[in-house]
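Dear colleague,

Please find the structure below, handed over for your study. My notes on it follow directly after.

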Amino acid sequence: MSTGELLSIEPQELQFPFELRKQISCSLQLSNKTNDYVAFKVKTTNPKKYCVRPNTGVVLPRSTCDVIVTMQAQKEAPLDMQCKDKFLLQSAVASPGTTTKDITAEMFNKESGHNVEECKLRVLYVAPPRPPSPVREGSEEGSSPRASVDNGSAAASEFKAASRAFSEQHEPQDNSSEARTLIARLTEEKNSAIQQTNRLQQELAVLRRGVNRSAGGIPFIYVLLVGLIGIILGYILKKT
């Protein structure tokens, strides 16, 4: 902790858990040790890299104020993780009732005879915290996690094998039963079609003999019958 006559500053170093392409923040706590209003102002050697909120303010008597410093996302890691950036925190006694809007740069001008305290803070990059590793727990009987995993895998394998055997025993029977029914129906339709074809052929033969016996027969009826028989045969063959 940095202790001056006006403010106590905690911590004295700004520590950032450095990660590429990620904004990182840390905080400062300012404690007013006096019975006066104390104005403060935060400066940095690299203002484009950091955002300070609030960068100016007033700490009421015997009270505290938190300052958040945010480092912008960085695209490259610094050499050896060393940072040369620094911060300067200036503080001065202010008039009672002073607010942030009343703070001016002249209040922190030593050349004007103002009593200004200054505290320099350096920046440190630290390794980001590691996520906690999962805790492996054994069974109540004291078996190891590996044994539990193996037992679970074996049980899963047995379940899959039993399911596969059950499917092989039942599904083929259902499929074969449906296939036999379909084959029987198609066979019956085929036999019926064959019988109809034979009957039509016999009728056609009778018609031909009748036409041959009578030279004065009607050719149009003969052609009509032949066309009708062809249509029926085509429909039967397509259906089978």
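I begin with V69, which touches L14, F16, I24, S25, C26, Y50, C51, V52 and F87, leaving aside residues up to four places away in sequence; contact here means heavy atoms within 4.5 Å. The model is a predicted one, in which local features need pLDDT of at least 70 and side-chain atom pairs count only at pLDDT 80 or more, while totals for chains, interfaces and linings use all residues. Residues are numbered from 1 along each chain as its sequence is written, and side-chain values use heavy atoms, with hydrogens and water left out.

**The cores**

V69 is also one of the residues that touch the most other members of the largest nonpolar core, together with F16, F40, Y50 and F87; this core has 27 residues. A nonpolar core is a set of buried Ala, Val, Leu, Ile, Met, Phe, Trp, Tyr and Cys residues joined through side-chain atoms within 4.5 Å. Buried means under 20% relative accessible area, exposed over 50%, and partly exposed in between (1.4 Å probe, protein chains only). Among the strands that each supply at least two residues of this core are β4 (24-32), β8 (64-71) and β10 (116-126). Strands are DSSP runs (E, at least two residues), numbered from the N terminus. Another core, of 8 residues, lies apart from the largest one and includes A39, V58, A94 and M107. In soluble globular proteins, nonpolar side chains tend to be buried together.

**The sheet**

Five strands form an open sheet in the order β3-β10-β9-β5-β7, with mixed pairing. Two strands pair if DSSP finds at least two bridges between them. At the edges are β3 and β7 (56-59), each of which pairs on one side only. Within the sheet, β5 and β9 run antiparallel and are joined by 8 bridges. T44 stands opposite F87 in β9.

**Backbone details**

Most residues other than glycine have a negative phi, and most peptide bonds are trans. P11 is found in the loop between β2 and β3, and P54 in the loop between β6 and β7.

The loop between β8 and β9 holds D80, a residue other than glycine with a positive phi of about 60 degrees. D80 counts as exposed because its relative accessibility is 60%. M81 is found in the loop between β8 and β9, and its phi is also positive, near 55 degrees. M81 is partly exposed, with a relative accessible area of 32%.

Yours sincerely

Note on methods: Helix = DSSP H or I, 4+ residues; strand = E, 2+ residues; numbered from the N terminus.
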